[in-house]
Each structure stands twice: as C-alpha cells, then as structure tokens.
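Please open the structure in your viewer and keep the selection panel at hand, as each stop on this tour begins with something to select.

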Amino acid sequence: MEDEDCPELVPIAVRTPGGAGGGGDRSPSPGLGARIPVTVITGYLGSALEKSLAISQGGELYEEWLELRNGCLCCSVKDNGLKAIENLMQKKGKFDYILLETTGLADPGAIASMFWVDAELGSDIYLDGIVSVVDAKYGLQSLKEEKPDGLINEAARQVALADLIIINKTDLVSQEELNKIRTAVRSINGLVKILETQRSRVDLSDVLDLHAFDSLSGISLQRKLKHVQKTHSHLDKSIVTVTFEAVGNITEENLNIFMQNLLWEKNVKDKTGYPMEVIRLKGLVSIKDASHQVIVQGVHELYDLEETAVGWKENEERTNRLVLIGRHLDKDILKEVFIATVTEKQENS
C-alpha cells in the first residue's frame, strides 16, 4: 500500500479509572464483556480539545500518551503502530477508554477496518465510533477541493465515515456561512449526528460511548432510518446518502451474496456503468426465523452482521431498511438488486 494512503497517528489518549468523565464508575456495556471501547477522532483538532480530554474533573492528569511515530494501522503487515496498541492492551485494567486521534486527512475507514480484522485486538477492544471535526471557517473550502483522477476528497471521506460531526469555531462565521457548512455535511452524510461548538468545547458524554458499531445502536438506528432521506450533493457530485426499504424476510446466505457483490466484486453499477462505491453502510434487516432485528454495517469492503436487542413484534410487517453513503449510488438499482438477490433463491429453496 502506498505510504500516502496510510494514516499517520498522533498520541492515543487513555482515560484511566477515576479519570475524566468518572471512568471509575464505568461498567462494561451489556454483551460486550470487559472489552475496551475505542473512539477514532479525525479532522483538524486544536490543542483545546486535547487539553480538555487530558484533565479530569478534579484537575488531575490521568491520561497516558503513547506516541506512534509514523504509525500506519491500515497496512496488512503489523507495524510499530499496531504493535504499540497491542502492547498497550497488556496494561488492561489500568484504563477504560482509548481515544485515537489521526493526523490531518487520514482515512478513518482504514483504522476501523483494522479493529475488525485483527483477532488479537478484537478480543480486547471494540470500535465505539468515528468522530470527525470540521472547521466552520475553512471546512467548506476543504470539502470543495477537487481531486485528480477520480480520487475521493479526503475531507468528504471523513465526513462520510463519521458517526458524529463536530463543527468547531462557529463563533468565527456568520449564520449564513454556518448553514452552508451544515448543509454540505448533511449532503454527504444524511445519517450523522452534528454538534456545533466553539474552541472544541464539547460534553464528553456526547463523544464517548456512541456504540455506533455494535448491536446496542439498533434502537437509535431504527429511529434514524425512518427519517433519513436521500441527500443531494452540493459539493463532490458523486458522494451522497441513499436509503431504501424492502418488505419481507431474507436469508443470511442471500444477504451475504448481496453484500459481497456490492462491496467485494463491485459488480453493482449505476446507469452509466460506474461501479457503486460504498464508503459506509448501515441497516436493520429481518433474517428468516430470527426473532430480533439484525444490524448490518459496512466500511469500505468490510461488513458485519449482529443481532440486536430489538425484537420483532407479533403481526408486525417486517421491513429491511438500508442506508448507504458513497459514490455512484443509485437507490432504484440498489433496491432492485437487493430484492432480486435476497428473495429469488429463497423462493427456490
């Protein structure tokens, strides 16, 4: 993999029990055992946010900073960055949360993928969510920057992958300018939660414990999926959010076929023949003979299925709802391929 594709990492902030946010009282999330949550923070962060995360309620420092020089977590061969995190986990019990901040315009999807595929880390930690910080004054300029050879704008990719967007420095722009950056963010990612702030001052409860990648997000995702609409891009002409619904039960086998065709084989194309490129995917589906809704999530080529705590009600019409963020996405074609793939073989079985 080219060096420029690998995110350089800056310190990992580790909140120890009794530290910022009352970590000493924090108990493991249901069904997640004693694994440690990891939040990836990306974008242009200022020293204000770093300082606020490093100071506990009593004013004492509880963080441990681990410098990952030239760390690259997206490489297939374990490098010093990945080994550093594994070594950190040997101190398990001395901390209860990991904040991983990338530098510049690194691809958070590469880091998210690492936590899914590394078995050694997967048994100790889980990805809690991706937070992206957008500069209210200069963010629109970054999002508008055109890239050569069909490459995705890095800032737009960060917005597309985010579970939470923090629009910072809102005091430096007019209400009209703030509306423009808010609209630009929403045009890329129609599912993301947006916080607006000054000097990077945010309540940690809004940033930590997002549960964006586990089954506990099922209830909140169900509400979002009912209201999210297809977005119309105002910037990068090809990055949009699309959503569709399909009634009925599906089989896990057929769902895997759909996901693999879309994410791996790249043979689902738009009307002009371009392969649809999915940056982020979320959805709730009805698996045949399953009493609970199943959440499906995808980042780039990786995807995962997990049963949620949300049960299907008796006599409830079971509906599959999917939201996809990416390039060259066509709602009608996606729905048509989904229905054809997940129902055709099911009828023959």
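**A pocket and a helix**

Begin with the lining of the second largest pocket in this predicted model, which by class is made up of eleven nonpolar, five polar and six charged residues. The pocket itself has a volume of about 330 Å³. To find its centre, select D163, L210, A212, K224 and K282, which are the closest to that centre among the 22 lining residues. If you then colour by domain, you can see that the lining draws at least three residues from domain 1 (36-66 + 77-213) and at least three from domain 2 (219-228 + 238-343).

Now move to I333, which you will find in helix α11 (residues 331-348). Is I333 buried or exposed? I333 counts as buried because its relative accessible area is 17%, and buried means under 20%. Show the residues that I333 touches, leaving out those up to four places away in sequence, and you will have V268, K269, D270, K271 and M276. Of these contacts, select D270 together with I333: the two are 63 residues apart in sequence, yet their C-alpha atoms are 7.1 Å apart in space.

Finally, zoom out to the whole protein chain, where the secondary structure comes to eleven helices and twelve strands. Buried residues make up 53% of the 349 residues in the chain, while the accessible surface comes to about 16800 Å², with 46% of that surface belonging to carbon and sulfur atoms.

Terms used: Residues are numbered from 1 along each chain as its sequence is written. This is a predicted model: local features need pLDDT of at least 70, side-chain atom pairs count only at pLDDT 80 or more; totals for chains, interfaces and linings use all residues. Side-chain values use heavy atoms; hydrogens and water are left out. On a 1 Å grid over the protein atoms alone, a cavity is a set of points where a 1.4 Å probe fits but cannot get out, and a pocket is an open set with protein on both sides within 12 Å along at least five of seven lines; lining residues have an atom within 4 Å of a point. Grid points are joined across faces, edges and corners, and a volume is the space filled by probe spheres set on the points. Ala, Val, Leu, Ile, Met, Phe, Trp, Tyr, Cys and Pro count as nonpolar, Asp, Glu, Lys and Arg as charged, and the others, Gly among them, as polar. Domain bounds come from an automatic or database domain assignment. Helices (H or I, at least four residues) and strands (E, at least two) are DSSP runs, numbered from the N terminus. Buried means under 20% relative accessible area, exposed over 50%, partly exposed in between (1.4 Å probe, protein chains only). Accessible areas come from the Shrake-Rupley method with a 1.4 Å probe; for residues, only the protein chains shown count as cover. Contact means heavy atoms within 4.5 Å.
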